[in-house]
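Let's look at how the labels on this model come about. Each one rests on a cut-off that you can check.

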Amino acid sequence: MALISPTTVARQYGVSSTQLRQWRRLGIGPEYFQFTARTVSYSEDYLRDWFSDPRNAGLLSGVTEAARETPCAEGRVRRRTAAE
């Protein structure tokens with residue numbers, strides 16, 4: 001089981017680290033592991049299942065719009081087209 005950081009989750013799934021933190025606080029996001037007060041990790045398998053579950057579509061509706069914008073290395077925002 002590979003564990004990944006919230007920053008990596010944000011980059012791979014288009015969800016901000018802040019949104020992940022809010023979901024953890026509310027107990028509604030993907031399952032996670034908390035080893036210390038400041039260390040949170042997610043299992044890739046659990047993430048894949050959670051993000052593909054249609055029951056979570058309501059939480060992800062705002063995320064899909066946010067996922068259309070990806071920060072560039074220079075700090076600019078690259079807008080994704082519908083084809084991406």
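Two strands pair if DSSP finds at least two bridges between them. Helices (H or I, at least four residues) and strands (E, at least two) are DSSP runs, numbered from the N terminus. This is a predicted model, where local features need pLDDT of at least 70, side-chain atom pairs count only at pLDDT 80 or more, and totals for chains, interfaces and linings use all residues. Residues are numbered from 1 along each chain as its sequence is written, and side-chain values use heavy atoms, leaving out hydrogens and water.

Q: How do you know that β2 and β3 pair?
A: At least two bridges are needed, and strand β2 (residues 32-36) has four with β3, in the antiparallel sense. Gln34, for one, sits opposite Val40 in β3. With two residues between them, β2 and β3 form a hairpin.

Q: Why are α1 and α2 called roughly perpendicular?
A: That label covers 65 to 115 degrees (under 35 is roughly parallel, over 145 roughly antiparallel, the rest oblique). The axes, lines fitted to C-alpha atoms over the stretch in contact, with angles from 0 to 180 degrees between N-to-C directions, cross at roughly 115° and come within 8 Å. So α1 and α2 count as roughly perpendicular to each other.

Q: What makes the contact between α1 and α2?
A: Pro6, Thr7, Val9 and Ala10 of α1 meet Ser17, Leu20 and Arg24 of α2, where contact means heavy atoms within 4.5 Å.
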